[in-house]
Amino acid sequence: MKKIFIFAVTAVGLLPVAAQNNITLDTYIGAQLSTEDLNGTARYVGMGGAMDALGAEISTIGSNPAGIGLFRSNQVSTSFGLMSQQDGKSFQDGSKTHASFDQIGVVFASRVDQQSFVNFGFNFHKSRDFNHVLSAAAASINGSSQNRQTVIKGILGDLDQRYGESQVDNLYLESGMITDAEGNVYDIDSKSYQFDRAQTGYIGEFDFNLSGNINNRVYLGLTAGIKSVHYNSYTEYLEELAAKVLDVDEVGMRDEHKITGTGFDIKLGVIFRPIEESPFRFGLSVATPTWYKLKTENYSGIYDEYGCVREVSTNGEFRMNTPWKFGVSAGHTIGQEVALGIGFEYADYSTLDMRTITGRSYDWDGYAYDDSSSDAVMKRLTEQTLKGVSTLKVGVEYKPDPTVAIRAGYNYSSPMYKKEAVRDQTLSSPGTWMASTTDYTNWEATNRLTLGLGFTFDKLRLDLGYQYTMRSGNFYPYMNGVSASYISDETGQTMALRNDCQAVSVKDNRHQLLCSLTYSF
């Protein structure tokens with residue numbers, strides 16, 4: 001530990017803060033809110049989601065709405081199951097295994113003439129399950145520390161700007177734990193850390209569909225979706241100091257974060273059979289961005305072994321637009337025994353747009369709506385951090401008997417994060433200022449293996465599905481590689497200060513069991 005410089009701090013007061021305007025969150029939070037899981041009915045999951053061109057499956061309402069146009073009778077279905085994190089452990093409200101209600105929906109099919117139908121559908125499904133426990137630890141971190149990041153930002157001048165100063169920086173500076181009476185800032189060496197986070201919650205999607213077919217050759221569909229966000233996170237981060245600082249051996253951060261809100265999107269799809277005598281069909285789909293209005297609330301505190309030293313509560317509203325999504329698919333059946341499906345989706349997550357609410361306007365009949373503008377600084381970070389994601393879906397269903405179905409599938413999503421992605425917290429962005437944590441994980445590709453069984457009893461069908469999801473990533477407790485130069489107060493020489501932390505490999509492997517009940521009438 002050493003004193004290295006003195007700088008002036010224009011800190012935002014760390015008492016409870018009222019609702020903030022002109023805020024956003026950062027790229028890494030936005031990425032979590034904009035992605036989707038493979039979820040729906042057990043039949044859909046059992047085939048790896050590769051049913052966009054096969055259709056006649058209610059879960060295609062959100063991937064290719066034209067699939068609802070292939071229904072020939074009314075149908076109601078519901079799905080529930082269990083999710084288990086293979087490498088997880090229980091922590092706070094996070095649990096390794098939890099039950100889940102995943103889907104409920106209904107389709108009404110109305111015949112127009114001998115070969116044409118107009119169908120209406122509604123479906124709720126859990127498009128994102130946030131339940132996840134992440135633990136990471138490093139027994140040696142080469143003297144780097146959370147505190148050193150704040151010190152380096154001070155050298156760089158970021159703490160003289162309102163938006164360059166995050167809640168974490170404020171907590172360190174206002175706690176009195178890293179400065180002496182004259183304002184000299186201690187550069188603290190840490191020798192190890194322990195990080196634990198428990199996430200809970202989900203994004204629920206309510207889809208309303210209008211679809212139909214023309215002469216049993218062309219199928220068209222439109223789905224309007226409303227999404228409801230319920231995200232909760234609790235984080236504990238503890239550093240063991242290399243030497244006592246102000247009689248303190250350990251410094252820790254605790255953070256409770258909640259995000260709620262709603263979003264709206266529109267999805268369009270078409271399926272057609274190019275050859276009248278063949279069951280082969282081809283599908284195309286497009287989904288608009290989800291236009292979200294979200295509210296963030298969080299409590300953060302800095303602790304030592306004696307208790308809480310300083311804390312802050314903040315909240316505010318912001319907007320976020322997710323990327324466009326495009327899909328192409330194909331499906332084929334062989335008699336009544338075999339169904340084959342394949343699909344490809346693409347979304348460019350570098351276009352994720354975090355937006356600040358700048359005011360409120362009124363239209364001619366008095367309806368109020370929020371004005372917003374893109375957070376240009378965070379948008380540049382998003383472009384440097386995220387990239388396009390390609391998803392491949394392959395599935396097969398085999399019926400050895402008309403009442404029994406056996407299914408298997410594979411689903412692959414390419415990495416969203418660029419290899420050298422960094423959660424840059426030296427930016428002059430409201431997303432930086434609102435940051436109450438500094439960690440980030442660059443997740444790699446996601447692989448999903450699926451299996452399923454189906455049993456038909458007259459008008460009732462029971463489907464069972466299993467999904468094994470595998471992905472790994474590189475975890476960092478704070479921004480890696482940030483550095484600055486300063487003039488030593490003791491020698492007058494120019495010195496370099498750098499904060500490096502090695503990545504810790506983490507895994508997110510999950511097992512999911514699904515059960516669906518479907519009744520046709």
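Biologist: Which ring does the charged end of Arg254 sit over?
Modeller: That would be Tyr303, with the charged end of Arg254 placed 4.1 Å from the ring centre. To count, CZ of Arg or NZ of Lys has to be within 6 Å of the ring centre and within 35 degrees of the ring normal. This is a predicted model, so local features need pLDDT of at least 70 and side-chain atom pairs pLDDT 80 or more, while totals for chains, interfaces and linings use all residues. Residues are numbered from 1 along each chain as its sequence is written, and side-chain values use heavy atoms, leaving out hydrogens and water.

Biologist: And what does Lys126 lie over?
Modeller: Lys126 is over the face of Tyr202, 5.4 Å from the ring centre.

Biologist: How many aromatic pairs are there in the whole structure?
Modeller: The search finds 16. Rings of Phe, Tyr and Trp (its six-membered ring) pair if their centres lie within 6.5 Å; planes under 30 degrees apart are stacked, over 60 edge-to-face, and the rest tilted. Take Tyr28 and Tyr417: their ring centres are 5.3 Å apart and the planes are at 15°, so this pair is stacked.

Biologist: Where do Tyr28 and Tyr417 lie?
Modeller: Tyr28 is in helix H1 (residues 27-34), and Tyr417 is in the loop between strand E19 (404-413) and helix H6 (430-433), so the pair ties together parts 389 residues apart in sequence. Helices (H or I, at least four residues) and strands (E, at least two) are DSSP runs, numbered from the N terminus. Tyr28, Tyr417, Tyr440 and Tyr476 make up one aromatic cluster.

Biologist: Is Tyr28 buried or exposed?
Modeller: Buried, at 6% relative accessible area. Tyr417 is buried too, at 10%. Buried is under 20%, exposed over 50%, and partly exposed in between (1.4 Å probe, protein chains only).

Biologist: New topic: why is helix H4 largely enclosed by the rest of the structure?
Modeller: Eight of the nine residues of H4 (residues 167-175) are buried, so the rest of the structure largely encloses this helix. Among the buried ones are Asp169, Tyr172 and Ser175. Their cover includes helix H3 (146-156), strand E9 (218-245) and H6.

Biologist: Where is Asn39 found?
Modeller: In the loop between H1 and helix H2 (42-46). Asn39 is buried, with a relative accessible area of 9%.

Biologist: What does the side chain of Asn39 make a polar contact with?
Modeller: The side chain of Asp102, at 2.9 Å. A polar contact is a pair of N or O atoms within 3.5 Å; within protein, one must be able to donate a hydrogen and the other to accept it, and residues adjacent in sequence count only if both atoms are side-chain atoms. Asn39 also touches other residues, including His125 and Lys126, where contact means heavy atoms within 4.5 Å.

Note on methods:
Lists of a residue's contacts leave out its neighbours within four places in sequence.
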